[in-house]
Amino acid sequence: MGVDAVLFDMDGTLVDSDAVVERVWRAWARENEVDEDLVLTTMPGRPAADTVRAVRPDLDAEAHGRAQLAQEYRDLDGVVAAPGAHDLLAALDHAGTPWAVVTSADDRLARLRLGAAGITPRTLVTRDLLTHGKPHPEGYLHAAEVLGVDPTRCLVVEDTVTGADAGRAAGARVAGLKGIDADLPITSLTDLLELTR
């Protein structure tokens, strides 16, 4: 692929958790009298508290964010690896290409979801390690530093505009799922698997 490392977003990219995320946030929206579609278009790629802050600034964002996380810790129904994830990670390992997961989730949620999907990253950068969430590039810059690679030699794989903006701000090339604007548009992780051959 012409890169020194691959940095993956977690939810919606490496792990298919869309059903549980939508379920939990729709319930929150109904309970807090917020338009469900507004919440679902606001929350991708953001920490829970930031989503609450954006759609209901009058609420205690940190408290609501913690409550949302508690719900997501308990609900892993339907969390699976994204199509092609296991094959792509195996191919990267075989090629000796380091990879990491960079997520807006906290460490506990990330490990629960990755575990449910059968994925064990050697390098995991979670919200707990960072001062700034996406779209700030801190997470991707931190992952590149841990892997010992130049961020401009990394490929960031994302499924949200927020995440893609973070990857670009870090200086990385971005592969984008779900039709987002990216240096390398892809329809699934299988597209990247073809590039490793």
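I began with the two domains: the C-alpha centres of domain 1 and domain 2 lie 23 Å apart. The bounds are 5-16 + 79-196 for domain 1 and 18-73 for domain 2, and such bounds come from an automatic or database domain assignment. I noted that this is a predicted model, in which local features need pLDDT of at least 70 and side-chain atom pairs count only at pLDDT 80 or more, while totals for chains, interfaces and linings use all residues. Residues are numbered from 1 along each chain as its sequence is written, and side-chain values use heavy atoms, with hydrogens and water left out.

**Entry: the interface**

I looked up which residues touch across the two domains. Contact means heavy atoms within 4.5 Å, and 14 residues of domain 1 are in contact with ten residues of domain 2. I then looked up the buried area, which is the accessible area (1.4 Å probe) that two parts lose on being put together, summed over both. Domain 1 and domain 2 bury about 1,100 Å² between them, and 53% of this is on carbon and sulfur atoms.

For charged pairs I used the salt bridge rule: a side-chain nitrogen of Lys or Arg within 4 Å of a carboxyl oxygen of Asp or Glu. The rule finds two salt bridges across the interface of domain 1 and domain 2. On the side of domain 1 that touches domain 2, the largest share, four residues, comes from α6. Helices (H or I, at least four residues) and strands (E, at least two) are DSSP runs, numbered from the N terminus.

**Entry: the nonpolar core**

A nonpolar core is a set of buried Ala, Val, Leu, Ile, Met, Phe, Trp, Tyr and Cys residues joined through side-chain atoms within 4.5 Å. Buried means under 20% relative accessible area, exposed over 50%, and partly exposed in between (1.4 Å probe, protein chains only). The largest core here has 47 residues, and F8, I119 and L189 have the most contacts inside it. Helix α1 (residues 18-31) gives the largest share of this core, six residues.

I listed the contacts of F8, leaving aside its neighbours within four places in sequence; among them are L14, L88, W99, Y140 and L189. In soluble globular proteins, nonpolar side chains tend to be buried together.

**Entry: salt bridges**

The count by the salt bridge rule comes to 19. In one of these, R26 and E22 meet at 2.7 Å, N to O. R26 and E22 are four residues apart in helix α1, so about one helical turn separates them. R26 counts as partly exposed at 22% relative accessibility, and E22 counts as partly exposed at 36%.

R53 forms a salt bridge with D50, with the closest N and O atoms 2.7 Å apart. Both lie in helix α3 (residues 48-55), three residues apart, about one turn of the helix.

D93 and R122 also meet in a salt bridge (3.5 Å, N to O). This pair links distant parts of the chain, 29 residues apart: D93 is in helix α5 (residues 85-95), and R122 is in the loop between α6 (107-116) and β5 (124-125). At 73% relative accessibility, R122 counts as exposed. Last, I noted one network, in which salt bridges that share partners join E22, R26, R30, E36 and D37.
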